[in-house]
Amino acid sequence: MTDFLKTLVNVAAIGCLYALIALGYSLVYGVLRFINFAHSDIFTIGAWLSFTLATAIVGVASATVAPAWYVLPIVLVSSMAACALLGVLIEMLAYRPMRQAPRLNVLITAIGVSLLLQNAGQLNVFFGTQPEKMPALIVDRPLFTIADVHFRTVDAVVVGLTIFLVIVLQWMVYRTKLGRAMRAVSFDEKVASLMGVPVNRVITITFAIGSALAAAGGLLFALKYGTLKQPADSAWVLLGLKAFVAAVVGGIGNVRGAALGALLIAAVEQFGSAYLSPHLKDVYVFVVLIAVLLLKPSGLMGTAVVEKV
């Protein structure tokens, strides 16, 4: 029972981190129909920006003494704003000139942007090549205990903030004028333009929102795990791949599907690691991906699209 509950808490926290990255993949694919492979690198930059801001404010890392309550919101909003700006610049400089090009060209461009961000992040003028320890922005103490399993403050922050952001995003996409414009561009970019929808502005805002969500995920990741590997470490790439798998499994382009897929992938990974073999936890994720693509290619909550030829 203790192991089961401990695994369940891990599923909730890790699934939320995957969800925040998967939502960015889903948003961009939903509007532009292409995979932004640089998205996981924005997540990485969000984590490192959070570390940089937190270090500048707090100074030294401490596991037991947290700064004033308003430091965490300041770091969160600042890193989200900075990554939103980065997402806008990437869209304007790298993707917009390629919008009418074949999709293979756009895919190669996305891979190039990803490599650029990874290697630029290693420069000493940015984040360097050494792992760093995230300062404690909250005191991570047990909130309640069930069967010797502690539900800690950092888990509550990760789960609570993710649920809040998913609800806000769901409301924005399906209940606001901007959301209607995003869905119109997703349906047909040319028709949306003829109907007066500012296509370029909508796409730019989509990148900004997706990048801001990735930054929030980066901060939560840094808070939960405490240590950040260097920006080009393969662990970041694997994390981004799993979030992409979550978006595909849930139905890429669907907000609720991305969140559901993230929790499912986290459950398969964590329960497989706990009860089968921890050495194969990455394998379980991609087995689920293959199974879903074979049985329901549009994802668990996705809708099949028929293309005329």
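**Close-up 1. Phe-221 and Tyr-225 in helix H8.** In this predicted model, Phe-221 and Tyr-225 both belong to helix H8 (residues 199-225), where they are four residues apart and therefore separated by about one helical turn. Their ring centres lie 4.9 Å apart and their planes meet at 45 degrees, so the pair is classed as tilted, an angle that falls between the limits of under 30 degrees for stacked and over 60 for edge-to-face. Phe-221 is buried, with a relative accessible area of 15%, whereas Tyr-225 is partly exposed, with a relative accessible area of 40%.

**Close-up 2. The surroundings of Tyr-225.** Phe-221 and Tyr-225 belong to one aromatic cluster, which they form with Phe-43 and Trp-236.

**Close-up 3. Phe-34 and Tyr-95, an edge-to-face pair.** By the rule that ring centres must lie within 6.5 Å, the count for the model comes to 14 aromatic pairs. One of them joins Phe-34 and Tyr-95, whose ring centres are 5.0 Å apart and whose planes stand at 70 degrees, so the pair is edge-to-face. Phe-34 is found in the loop between helix H1 (2-32) and helix H2 (39-58), while Tyr-95 lies in helix H3 (residues 71-95), so the pair ties together parts that are 61 residues apart in sequence. Both Phe-34 and Tyr-95 are buried.

Conventions:
Residues numbered from 1 in each chain as written. Predicted model: local features only at pLDDT ≥ 70, side-chain atom pairs only at ≥ 80, totals over all residues. Heavy atoms only, no water. Phe/Tyr/Trp six-rings, centres within 6.5 Å; stacked < 30°, edge-to-face > 60°. Helix = DSSP H or I, 4+ residues; strand = E, 2+ residues; numbered from the N terminus. Buried < 20%, exposed > 50% of the residue type's maximum accessible area, 1.4 Å probe, protein only.
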